[in-house]
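Have the sequence and the 3D view open as you read.

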Amino acid sequence: MAGSKAYYVTTPIYYVNDAPHIGHAYTTTAGDALTRWHRQRGAAVWFLTGTDEHGTKVARTAAEHSVAPQQWADRLVAEAWRPALGTIDAANDDFIRTTEPRHVIGVQRFWEQVRANGALYQGVYEGPYCVGCEEFKLPGDVIEGSGEQAGALICPLHGRPVELLREENWFFRLSAYAEELLAHYRRHPDAVAPRSAYNEVVAFIERGLTDISMSRSAVQWGVPLPWQPEQVVYVWFDALLNYITAIGYAAEPGSPQAQRFATTWPADVHLVGKDILRFHAVYWPAMLLAAGLPLPRQVFAHGWLLVSGEKMSKSRLTGIAPSLIVDHVGSDAFRYYFLSAIRFGSDGSFSWEDLTARYTAELANGLGNLLSRAVAMVDRYCAGEVPAAGPQSTADIALAALAQATVGRADAAIDELDFAGAIGHIRDLVDATNLYLTEEQPWVLARAPEQRERLHSVLATACEVLRIVAVLYHPVMPHATERMWHALGATTLGPLAEQRIDETGRWGQLPVGARVVRGEPLFPRLADPDPPEAETAGMP
Ligand code: MSP
């Protein structure tokens, strides 16, 4: 696809110091399913994730472990962050770390450019500073004290009053871009989604933007300003740039990396949690305008995963490691659950009971049962070969029509990043097919020799629907669908990942004579529906 624009999806880069939890895995899973879907549409795709590694907290924890910050970050990436991608089967194309030379060089190049364009100036920064965090706080990061602390601003992480500090540093002329940003968002109402996020961003900009300090002198572990190396780039204004530095923003002209930038930027969608929407939908596009770069097509803000009604986070000790769930139900069910049980863009509660109930009803009894029934009957009544269908009955025609309609419906839902909607359409098709088998009763037809043609039609129809279901579910459940593909004898059609969404609705592709393979259940019954200690098992 040389020359054509790649569909470019990003996740936020995760704070390397945190331990991966299901809140992080949630964003990555969504990005992964989205990019796999687009790949199956035949598009060139680029999916980026990575880690945010600068800042005092990283330096301090490294010191506590008597290692250099770089070594500390290396260790966390190798031992926690990269394995976390494997746990959920994320097929990212690249992994950016903010301590990599390609990023550091790019950050310096970018801010040099912005400075040359006249969007930086020197000033005095005065703001709340938490000694515990060793960090300047944004107004939204601090809370009003009460009781003995009444009148003071408190760091919620440390429960202690913050100090007001002053330092000389560099300011970014954010205020200069308010009008241009508003005009952009009015022209592109889809540039921030869902609608509630769009409204929030526009209202925020309409209230007026104030210039913002983009460098820090009190922090050492960061990217030095090229023109004043005693200061480092404020960690957010370093981290946001990963989206361009990873794809070759500062690469040698003419190099393959520079070519990648030309064919990949702007991003089609930045997936972010709603807590970091303002950074992505206000500061980031203003930075890009200041540098003269095109703006991303969309920032999509998803909701929070709540555990016992609270946002899950490491500091609240409710952070659940993805592996805890994957060890229990497998990575496919993990992906299926988080994408289907919570509408993307809304908050949703995680509970083991809900996970277990959906696993059992929708995956084990729904999809898994459909596959094993169909394959077992082809095995038993047709010597293991998918039979030729005879003339279609009304029920066959209706099911085929539903299958074809499902392809379009699911595809349209994915365009809206409505994963739950897309999965709901596919699940409806699975349910309709289970019902079809129950009503057509192939096991009764099998007893009457004169019903042989009808039996064949029913089984061929069910297998053909399963082919379509495997293709549509592949971006969500890569492993289980590979097993379906194999079980249906569909491998002669080519690799599952290469089956095109837009062609899958064409009826009658599973060849007559395809050899089905009986195997272990797709979704085995859970040994222990609610794992002991699961509610409390969290981060150390
Ligand atoms: N490092 C910054 C992002 C920089 S991007 C240029 C950061 N990192 S983070 O690790 O704290 O959060 C990364 C993402 O995880 C955010 O999108 C955040 O919303 C998401 N989540 C963290 N906890 C979450 C939940 N409980 N639920 C859903 N997503 C959550 O912010």
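The shell around the ligand splits into 13 nonpolar, eight polar and three charged residues; here Ala, Val, Leu, Ile, Met, Phe, Trp, Tyr, Cys and Pro count as nonpolar, Asp, Glu, Lys and Arg as charged, and the others, Gly among them, as polar. Keep in mind that this is a predicted model, where local features need pLDDT of at least 70 and side-chain atom pairs pLDDT 80 or more, while totals for chains, interfaces and linings use all residues. Numbering starts from 1 along each chain as its sequence is written, and side-chain values use heavy atoms, with hydrogens and water left out.

In total, 24 residues surround the ligand (a heavy atom within 4 Å). The closest are Ile13, Asp52, Gly273, Asp275 and Leu305. Some polar contacts (N or O atom pairs within 3.5 Å) look like this:

| Residue atom | Ligand atom | Distance |
|---|---|---|
| His24, polar side-chain | oxygen | 3.4 Å |
| Asp275, polar side-chain | oxygen | 2.6 Å |
| Leu305, polar backbone | nitrogen | 2.8 Å |

On its own the ligand has 660 Å² of accessible area (Shrake-Rupley, 1.4 Å probe), and the protein covers 96% of that. Elements giving two or more residues to the shell include strand E1 (7-15) and helix H1 (22-40); E1 gives the most, with four. Helices (H or I, at least four residues) and strands (E, at least two) are DSSP runs, numbered from the N terminus.

Now for the sheet. Three strands make an open, antiparallel sheet in the order E6-E7-E8, where pairing takes at least two DSSP bridges. Strands E6 (143-144) and E8 (160-161) are the edges, each pairing on one side only. E6 pairs with E7 (residues 153-155) over two bridges, and Glu144 has Leu153 in E7 as its bridge partner.

Technical notes. A polar contact is a pair of N or O atoms within 3.5 Å; within protein, one must be able to donate a hydrogen and the other to accept it, and residues adjacent in sequence count only if both atoms are side-chain atoms.
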